[in-house]
Amino acid sequence: MVLWARPGRDEDERAVVRRLARARKAPRDVVMRARMIELSWSGQRVLAIAAELGCSQKSVRCRLHRFNGTSLQGLEGLGGQGCKRRITEQERSRIISLVKTVPPGRLRWEPVGELWAFDESGPAEWTLDSLAAQARAEGIEVGRSQVRRILLAEGVRWRRTRSWMRSKDPDFVPKGRGSSASTPSRPTT
């Protein structure tokens with residue numbers, strides 16, 4: 001059975017399909033689907049359209065059927081496909097806000113000059129494991145790798161800078177140039 005895209009309902013619909021088929025800034029999938037419709041309007045069959053666009057005949061048939069049934073909405077993706085998020089946006093925000101809090105095991109100076117911590121058995125620095133454990137304690141079912149993906153997506157650092165890299169001492173002077181090599185390099189021959 002030969003399958004064709006139905007003719008455009010009016011000139012506006014045909015103009016939209018033609019514009020999308022030649023668009024440079026539209027999503028690639030939408031442009032490909034519009035080109036399928038336009039090539040079908042020009043009289044090409046499914047096999048020729050698939051060969052020209054470098055896709056399968058099945059996808060061309062599927063897109064032509066969708067366009068015939070739903071018009072311009074058939075050019076858009078269905079959306080909602082794939083895995084749903086396991087945690088809500090509010091839970092993601094709570095995980096991100098955890099990084100900004102002080103870890104329970106971090107030592108602080110007491111006004112009388114002694115060190116103390118809220119929870120000496122707790123972590124002194126946030127790590128992925130400690131963040132995941134704290135999130136689970138707050139009722140968010142999340143794993144270490146998911147915490148990592150969330151923080152990377154938001155550009156959040158969950159580690160402090162290394163203490164030997166910088167000093168808070170205002171009189172600190174960084175080291176100068178590195179020392180010269182103890183043995184001279186071999187001359188090139």
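Mentor: R94 and E138 form a salt bridge, with their closest N and O atoms 3.5 Å apart. A salt bridge here is a side-chain nitrogen of Lys or Arg within 4 Å of a carboxyl oxygen of Asp or Glu. The pair links distant parts of the chain, 44 residues apart: R94 is in helix α5 (residues 89–100), and E138 is in the loop between α6 (128–137) and α7 (144–154). Helices (H or I, at least four residues) and strands (E, at least two) are DSSP runs, numbered from the N terminus. R94 is partly exposed, with a relative accessible area of 34%, and E138 counts as partly exposed at 34% relative accessibility. Buried means under 20% relative accessible area, exposed means over 50%, and partly exposed is in between (1.4 Å probe, protein chains only).

The model is predicted: local features need pLDDT of at least 70, side-chain atom pairs count only at pLDDT 80 or more, and totals for chains, interfaces and linings use all residues. Residues are numbered from 1 along each chain as its sequence is written, and side-chain values use heavy atoms, with hydrogens and water left out.

By the salt-bridge rule the count comes to 9. Another of the pairs is R144 with D129, whose side chains meet at 3.0 Å, N to O.

E13 counts as buried because its relative accessibility is 4%, and R6 is buried at 15%.

Salt bridges also join E11, R14 and R18 in a network. R18 is in turn one of the residues that E38 contacts, along with V17, A21 and R22, leaving aside neighbours of E38 within four places in sequence. Contact means heavy atoms within 4.5 Å. E38 itself sits in helix α2 (residues 28–41) and is buried, with a relative accessible area of 18%.
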